Amino acid sequence: MNEEREKIEDIGSFIAEYSAHMMGCGVHTSRVIRSAKRIGVAFGYTVKISVFQKNIILSLADKGTKELYNEVIDIPALPISFEHNARLSALSWETFDKHLSLHDLRSKYDRIVNAPHINPLFVLIWVGIANASFCRLFGGDWHSMGIVFSATLIGMFLRQRMTAAGINHYIIFIVSAFVASLSASTSLIFDTTSEIAIATSVLFLVPGVPLINGVIDIVEGYVLAGFSRLAQAALLIICIAIGLSFTLFLVKDSLI
Amino acid sequence: MDIFWSTISQYNSATWIYQLIIILIGGGLTLLLLRRPDRWVKIAMKVFLILVYLWISIVYYHIYCAARSYNIIMSIYWGFLAATWIWDLARGYTQFEYNRKYAGLATLLLVMPFLYPLLSWLRGLSFPEITSPVMPCSVVVFTFGLLLMMSRKVNLFIVLLLSHWAMIGLSKTYFFNIPEDFLLVATMIPALYLFFRDYYLRHLTDDASKPKRKYVNLLLLLLSIGIAVILIISLILELTTDVPPHLTHFNR
């Protein structure tokens, strides 16, 4: 009896940590709930879960013994990770299909979570290339693409360093947008598609994942979580607009 | 084009004596930094760089390049660079510690500002309508050389801002017909590769990196080669075609 009680605590604690990590790294709410319930079922427990913007309330029940386990856990602020999203989701299926022990489940989870992050230089270069491609898609010429690539490297580097320094992310967005667009505004001295260059230089900051997740959450009925995600994304977009406006006010009044 | 060279001409005529003083101070501080790298010398070098960047921002762009379109952008950009150096001075980030490894390339970069006027002269230009050692591109090359020579701990944000300037140089060679800027970009490419490799990959093991260190290094190498290829194409385009009139009207 005592062993079982410990088990429900261990499993409840694991599921809470697992769900919070998934929410933190940008997984939409219904997937988090499905995965958490799947792991609970694999161990013979029923999982009830309420997800909010900043924390999760979790309840684990053993229908046989009527035993209950409750936990409230804060959602950590983690970088968006599609890899964690996919691998942690797959882990819940593996637990369900192969009836993994909690020890195995925990070690696999730790391996996923503690795997090395993607090299920041690798991210920097590809974000620069992606943003330059956006510039092309919006009608920018080759000169603008080059300038946007370089401006994005500057803005993204600043974002990476300020994030590592633990600076408030609204300030990070304002400063990064300002510096990237200021750098891109150097295109104005050439006869090139400079307006497109300036506009697309800040696109790397657009919070695409919260926007998409917000819509998915609302459509799937998690309206509170969805709206809070959209509200947060809207604040970040306002921050980008503030940073971009600083540049436009500075460089030429005709641009705004 | 006319305005571009006439602003340079006015700037050189009016400031050559101050430029000479700046060159002497810069040269003296560089020698001191190499021979007696005391703390005050490092601080003095940073103060010197802040003043030179402000000089470019205010004297060169704001005053003498007022006739050019959007000179204010360049003025702000160089002001921002000066502000970044002030932040670096306050935080003591760049340490100016000698690194023997890249001494060859660094020496070449430090000499480059003097090659600029020589190249202008070889192209048939004469004073005051020539590029001089206290102009934006020359200052960028000098800073790159200095940072590479003292590259144990470098402020990569400043390097990125300067490389952005160098990237603009690629377009300038084509739009404004300034082949001198090829020197800037050509020497900048290997320096950039070395700065990035040292900053991101020097202390990294394969286990701690995803993708593996060698693949990230390969990507960086490919990027550098890509920029070099674009540079060569720009050079060929400039040598084989005249700049269309519609590309220069905005600067007249």
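Author: Helices (H or I, at least four residues) and strands (E, at least two) are DSSP runs, numbered from the N terminus. On that basis chain A reads α-α-β-β-β-α-α-α-α-α-α-α-α along its sequence, with ten helices and three strands. This is a predicted model, in which local features need pLDDT of at least 70, side-chain atom pairs count only at pLDDT 80 or more, and totals for chains, interfaces and linings use all residues. Residues are numbered from 1 along each chain as its sequence is written, chains are lettered from A and ligands numbered from 1 in the order in which they are written, and side-chain values use heavy atoms, with hydrogens and water left out.

Reader: What makes up the pattern of chain B?

Author: Chain B follows α-α-α-α-α-α-α-α-α, with nine helices and zero strands.

Reader: Why is A:Phe157 called buried?

Author: Buried means under 20% relative accessible area, exposed over 50%, and partly exposed in between (1.4 Å probe, protein chains only). A:Phe157 has 4% relative accessibility and therefore counts as buried. The residue is placed in helix α6 (residues 142-164) of chain A. Buried residues make up 49% of the 256 residues in chain A and 54% of the 252 residues in chain B.

Reader: Which residues are in contact with A:Phe157, leaving aside its neighbours within four places in sequence?

Author: Contact means heavy atoms within 4.5 Å. With those neighbours left aside, A:Phe157 is in contact with A:Leu124 and A:Thr152 in chain A, and with B:Leu156, B:Phe157, B:Leu160, B:Tyr199 and B:Tyr200 in chain B. The C-alpha atom of A:Phe157 is separated by 10.0 Å from that of A:Ala180, which is 23 residues apart along the chain.

Reader: Why is α1(B) described as roughly parallel to α5(B)?

Author: Axes are lines fitted to C-alpha atoms, for helices over the stretch in contact, and angles run from 0 to 180 degrees between N-to-C directions. Helix α1 (residues 2-35) of chain B and helix α5 (residues 136-149) of chain B have axes that come within 12 Å and cross at roughly 10°. The pair is therefore roughly parallel, given that angles under 35 degrees count as roughly parallel, over 145 as roughly antiparallel, 65 to 115 as roughly perpendicular and the rest as oblique.

Reader: Which residues meet between α1(B) and α5(B)?

Author: From α1(B), B:Gly26, B:Thr30, B:Leu33 and B:Leu34 meet B:Phe142, B:Leu146 and B:Met149 of α5(B). The residues of this contact divide into five nonpolar, two polar and no charged. Here Ala, Val, Leu, Ile, Met, Phe, Trp, Tyr, Cys and Pro count as nonpolar, Asp, Glu, Lys and Arg as charged, and the others, Gly among them, as polar.

Reader: What makes a group of residues a nonpolar core?

Author: Such a core is a set of buried Ala, Val, Leu, Ile, Met, Phe, Trp, Tyr and Cys residues joined through side-chain atoms within 4.5 Å. The largest has 120 residues, of which B:Trp78, B:Phe144 and B:Trp165 touch the most other members. Helix α7 (residues 180-201) of chain B supplies the largest share of this core, 13 residues. A second, separate core of 35 residues includes A:Ile8, A:Phe14, A:Ile33 and A:Ala42.

Reader: How is chain A divided into domains?

Author: Domain bounds come from an automatic or database domain assignment, which divides chain A into domain 1 (2-113) and domain 2 (120-255). Their C-alpha centres lie 34 Å apart. Eleven residues of domain 1 of chain A are in contact with ten residues of domain 2 of chain A.
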